[in-house]
Amino acid sequence: MTLRPLEKWWRAGGVAGIITVALSLVPLVLGADEPRFTDSGKDIMAWYVRNGDRWLAGIFVLGIAYAFFFLPFLSALTSVLANAEGQPAVWSRVAAWGGLLFVAVAIAGLGGEGIVSFLTKDAGQDVARAGMAFALFLYSLAGLFAAVFVLSASLVILQKGIFWSWLGRYGLVVAAVNLIGAAAIFDTPDGPLGVLRTRVAPPALALWIVAAAVAMLRITKAPQMVSPPAELESEHSTSGTTR
């Protein structure tokens, strides 16, 4: 028995993008009152003693969102962009790598909070605060790769006229917000850059992902790969002949 290729695969990617954002709301709700590393170590440890299982449940859902939905969305989106960009699909590939590194660094950041959750009863207060600080540090750096992902995709959207033009322009804003928010490594969660990183950049990115997903759902026929100009093909074939 052979599996048939998925028809209208780009729409499956669009649905996956919307589900990613929807599932990402779960950990936000379950951890809405989560402490910050600027709180006392005693308060941090007390919160995780009471709510550690609730936090882990939210992170588990987030892991499902990234693994089973964001990756298919990213693959479908960058494939659509590559078809529009043609060869070499430089910016589409950069967008793909940016999205992958964004998820990888964000998940690594969860490890800092995971240390606090697993070792709450054994770790000291300084370890608890250090784990939260480590998480914020990596979350901030994840903003750099989020900016690369959205900026590269938006350049293709604007250059090739795929999707809505406002989506490309909005993507430039989202990329700038995430890039500036990454400087939160020099700030505190309550400072201007920290607020930008934790309160502004994530919803801006989520809105861009939903809009891109909806744009993919609106595509009615399979995207076609743009062929290189005839002159380039002629040069390539000529340079490949034996003289």
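Colleague: Which helix gives the most to the nonpolar patch?

Modeller: Helix 3, residues 90–118, with three residues. Keep in mind that this is a predicted model.

Colleague: Okay, and which residues make that nonpolar surface patch?

Modeller: Leu-71, Trp-97, Leu-100 and Leu-101, and together they make about 380 Å².

Colleague: Is Trp-97 buried or exposed?

Modeller: Exposed, because its relative accessible area is 57% and the cut-off for exposed is over 50%. Trp-97 lies in helix 3.

Colleague: Switching topic. What elements does the protein have?

Modeller: Seven helices and zero strands. From the N terminus on, the run reads α-α-α-α-α-α-α.

Colleague: Let's look at helix 1. Which residues are buried there?

Modeller: Trp-10, Gly-13, Gly-14, Ala-16, Gly-17, Thr-20, Val-21, Ser-24 and Pro-27 are buried in helix 1. Down the helix axis, those buried residues fall within an arc of 160 degrees, so they line one face of helix 1.

Colleague: Why would residues three or four places apart point the same way?

Modeller: An α-helix has 3.6 residues a turn, so residues with that spacing point the same way.

Colleague: And what do the buried residues of helix 1 pack against?

Modeller: Helix 2 (41–85) and helix 6 (192–217).

Colleague: How far apart are the end C-alpha atoms of helix 1?

Modeller: They are 33 Å apart. Helix 1 covers residues 9–30, and at 1.5 Å a residue its 22 residues should span 32 Å, so the two values agree.

Colleague: What about the span of helix 4?

Modeller: Helix 4 runs over residues 125–160, which is 36 residues, and should span 52 Å at 1.5 Å a residue. Its end C-alpha atoms are 53 Å apart, and that agrees.

Colleague: What follows helix 4?

Modeller: Gly-161, which has a positive phi near 70 degrees. Phe-163 also has a positive phi, near 65 degrees, and Phe-163 is a residue other than glycine.

Colleague: Where is Phe-163 found, then?

Modeller: In the loop between helix 4 and helix 5 (165–181). Phe-163 counts as buried because its relative accessible area is 18%, and buried means under 20%.

Colleague: Now prolines. Which peptide bond is cis?

Modeller: The one from Gln-87 to Pro-88 is cis, with omega near 0 degrees. Pro-88 sits in the loop between helix 2 and helix 3.

Colleague: Last one: how much of the protein counts as buried?

Modeller: 42% of the 243 residues. The accessible surface comes to about 13,000 Å², and carbon and sulfur atoms hold 68% of it.

Terms used:
Residues numbered from 1 in each chain as written. Predicted model: local features only at pLDDT ≥ 70, side-chain atom pairs only at ≥ 80, totals over all residues. Heavy atoms only, no water. Helix = DSSP H or I, 4+ residues; strand = E, 2+ residues; numbered from the N terminus. Expected span 1.5 Å × (residues − 1). Patch = residues over 30% accessible without salt bridge, like charges linked within 9 Å, V, L, I, M, F, W, Y side chains within 5 Å. Areas by Shrake-Rupley, 256 points an atom, 1.4 Å probe, with all protein chains shown as cover. Salt bridge = Lys/Arg side-chain N within 4 Å of Asp/Glu carboxyl O. Buried < 20%, exposed > 50% of the residue type's maximum accessible area, 1.4 Å probe, protein only. Arc of directions from axis to C-beta. Contact = heavy atoms within 4.5 Å.
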